[in-house]
Amino acid sequence: MTDLKIAGAPITWGVCEVPGWGAQLPVERVLREMRQLGLTATEFGPEGFLPVDPADRAAVLRENGLAAVGGFVPVVLHDPQRDPLPALQSELEAFVAAGAGVVVLSADSGLAGYDERVELDETGWSTLLGNLVRLRDAAAEVGVLAVLHPHVGTLVESKDDVERVIAGCDVGLCLDSGHLLIGGTDPVALAQAHPERIRHVHLKDVDAATAQRVRDGELTYYQAVQEGLYRPLGQGDVDVRSLLRSLLAAGYDGWFVLEQDTVLQLLPEDGEGPVADASASADHLRQLAAELA
């Protein structure tokens, strides 16, 4: 299988939902550079990157020759006093209008950014798992697949967290090769042990030494991203070849979303900046797919 479904993600271009993350590139440039790399689709990016109106959002993507994969939606799942369903249902209108098939949920801590860790009690875990199933079912009613994204700085981050979700509900996962590795989960081992749970994939490479500094508390997540935590595919310590082989052998036929979280201090000149790393990742993934065919 060499004809992989490869998509882009605005965070690769430094476009992020965290306030003060860095310089933000305009939507026209990001989408244009995705197309120049031969990408056929994109995730939505943070709120406000694409138009809020569902029809306008679909039109912008169509005018730029890109299909809509879906998007990353942080939701507070663990608080018994907060119902996450109304907010998700509002988001899903744009997914349906744009023909997007996947909503990527994260178990948001309720804090700003991803630099602090919140521990859950039994009530919090029960509420989180129950809400995951509710949101999964609500998305399915309108033809959208909801998956959970284990993510640094959220309530599902560590290996223990991931295993608790797998044991506690049947909601599918977004396998993010970087966030899993930083949280202590081997993404290849996860793909091999639970192939039926992998429903969406975010691919990024990681500098293992910098990731260890995050785990040890020497760097915040934001500082680590600034210092080159993420690398183009094939230039870090993730075994991308084995991961791809395992996913394809298990019959995975969903999207491979290229992500390399980036913080931009300044807006780069046209043709420079994140597009170079994104190009290297796309080329490496296509080369691996051809070799594994």
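These legends describe close-up views of a predicted model.

**Figure 1. The largest cavity and its lining residues.** Searching the whole structure gives one cavity of 30 Å³ or more. The space in the largest cavity is about 50 Å³. Its lining includes Thr12 as well as Leu203, Lys204 and Asp205. Arg231 and Leu233 also line the cavity, as do Leu258, Glu259 and Gln260. Ala278 and Ser281 complete the lining. Sorted by class, the lining residues are four nonpolar, three polar and four charged.

**Figure 2. His200 and its contacts.** His200 belongs to strand 7, which spans residues 198–203. With a relative accessible area of 1%, His200 is buried, because the cut-off for this class is under 20%.

**Figure 3. The aromatic pair of Tyr221 and Tyr230.** The structure contains four aromatic pairs. One of them joins Tyr221 and Tyr230, with 6.3 Å from centre to centre and 70° between the planes. This pair is edge-to-face. Tyr221 is buried at a relative accessible area of 3%, and Tyr230 is buried at 4%.

**Figure 4. The aromatic pair of Tyr252 and Phe256.** The ring centres of Tyr252 and Phe256 are 5.2 Å apart. Their planes meet at 80°, so this pair is edge-to-face, a class that requires over 60 degrees. Tyr252 counts as buried, with 8% relative accessibility. Phe256 counts as buried too, with 0% relative accessibility.

**Figure 5. Lys204 over the ring of Tyr230.** The charged end of Lys204 is placed over the Tyr230 ring, at 5.3 Å from the ring centre. Lys204 is among the residues that line the largest cavity. Tyr230 is buried and forms an edge-to-face pair with Tyr221.

**Figure 6. Arg57 over the ring of Phe44.** Arg57 lies over the face of Phe44. The distance from Arg57 to the ring centre of Phe44 is 4.7 Å.

Key:
Residues numbered from 1 in each chain as written. Predicted model: local features only at pLDDT ≥ 70, side-chain atom pairs only at ≥ 80, totals over all residues. Heavy atoms only, no water. 1 Å grid on protein atoms, 1.4 Å probe; cavity = no way out; pocket = protein on both sides within 12 Å on 5 of 7 lines; lining within 4 Å. Points joined across faces, edges and corners; volume = space filled by probe spheres on them. Nonpolar A, V, L, I, M, F, W, Y, C, P; charged D, E, K, R; others polar. Helix = DSSP H or I, 4+ residues; strand = E, 2+ residues; numbered from the N terminus. Buried < 20%, exposed > 50% of the residue type's maximum accessible area, 1.4 Å probe, protein only. Contact = heavy atoms within 4.5 Å. Phe/Tyr/Trp six-rings, centres within 6.5 Å; stacked < 30°, edge-to-face > 60°. Lys NZ or Arg CZ within 6 Å of the ring centre and 35° of its normal. Lists of a residue's contacts leave out its neighbours within four places in sequence.
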